[in-house]
Structure formats: structure tokens, C-alpha cells
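Subject: Structure for you to look at

Hello,

Here is the structure I said I would pass on. Please open it next to this message and follow along.

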Amino acid sequence: IRIAPQRASISSSLLRPLVPAIAAAQFLGSEAGGIFIYWGQNGGEGTLAETRATGNCKFVNIAFLSAFGNGQPPVLNLAGHCDPTNGGYANLSSDIKSCQSRGVKVILSIGGGAGSYYLSSTQDAKNVATYLWNNFLGGKSSSRPLNDAVLDGIDFDIEGGTPLH
């Protein structure tokens, strides 16, 4: 798990409920070293399959789940790679599985610099954790954005937020 520099203003007590959602990903194995890349924010970067084919990275962060928490619907933003209005992210499932079959860990990055995310309470954080587990990790949901692909973990790229008082 990669944690962004300490610019986050979301209370650590609110992030704590997210830990169980990603802890299970730790059982999938751990890797030491390797090149991480962010994929999904540059339409000219090629497909996920092309990224994997280079053999240059051991970890791909799919970027970004840019909106979540505070009662708003989660939004996966892959900057023109897919059209989310017609289930377009589901076609990434085979590319994700191909990466994983070649030893490349595929992780969902949440947050980002241009995101709209805010955890308003411990219960809100639990709701986000449940959403992440059921839609991207080992849980079950009828609305999994990436179809049946099970990601290897979650990257917290928390660059903003609102402090609680």
C-alpha cells in the first residue's frame, strides 16, 4: 500500500475502518521492490494490456476512484480510457487478469489531486470500506465496475479532504 505524503486532512480515526477492507488483500501475498506505475489518467499511455506487455513494472495502480464518501456515489475516473455510462470499465477485467497471471499486482488508487472525497464519520468510512471490498476486492456485488476482476489491494492517494472539528 502506498500512502501519499502527509497532506491528508482526513482524520486517521476515520481511515481506520478502511483497514479491514484492504487487510484481506495482504493474504494475497506481498512483494518487496519493483516499479509502481499509475495507469488511467493519460489517454495516450496505451491500454492496460500494452502497459503489462512492456514488462517494466511489477505494480499497476489503476487511477483513480476519485469520488467517494459523504453520501456521494463513488466515481471511477480513468480519463477517457473507458466509457462508464455503458459498463465500459468491465472490459478491463481480462487485462487485469492478464497482468496478474504474469505476476503484476493490480491495485486501485483512491483519491488523487482532483478528487472529490470526504469521510464524514466512522460509519461513512465503514460504508466506503464495504464498497471497496464488495466492488474491487474479494466481496460480491452485482455492480462491480471491473466485472469479475479481483484487485490485489488499495492505494490511498489522499491529497485533500476536510478536517473534522
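This is a predicted model: local features need pLDDT of at least 70, side-chain atom pairs count only at pLDDT 80 or more; totals for chains, interfaces and linings use all residues.

Asp 148 has a charged partner: Lys 97 forms a salt bridge with Asp 148, and the closest N and O atoms are 2.8 Å apart. Lys 97 lies in helix α4 (residues 93-101), while Asp 148 is in the loop between α5 (122-136) and β6, so the pair ties together parts that are 51 residues apart in sequence. In general, side chains of opposite charge can pair when their charged atoms come close. Lys 97 counts as partly exposed too, with a relative accessibility of 37%. The structure holds 1 salt bridge.

Next, please look at strand β4, which covers residues 105-111. Of the 7 residues in β4, 7 are buried, so the strand is largely enclosed by the rest of the structure.

Strand β4 pairs with two strands that I want to point out. With strand β2 (residues 59-68), β4 pairs in the parallel sense over 6 bridges. Here Val 60 stands opposite Val 106 in β4. With strand β6 (residues 153-157), β4 also pairs in the parallel sense, over 5 bridges. In that pairing, Gly 111 stands opposite Asp 157 in β6.

Regards

Definitions and conventions. Residues are numbered from 1 along each chain as its sequence is written. Side-chain values use heavy atoms; hydrogens and water are left out. Buried means under 20% relative accessible area, exposed over 50%, partly exposed in between (1.4 Å probe, protein chains only). Helices (H or I, at least four residues) and strands (E, at least two) are DSSP runs, numbered from the N terminus. Two strands pair if DSSP finds at least two bridges between them. A salt bridge is a side-chain nitrogen of Lys or Arg within 4 Å of a carboxyl oxygen of Asp or Glu.
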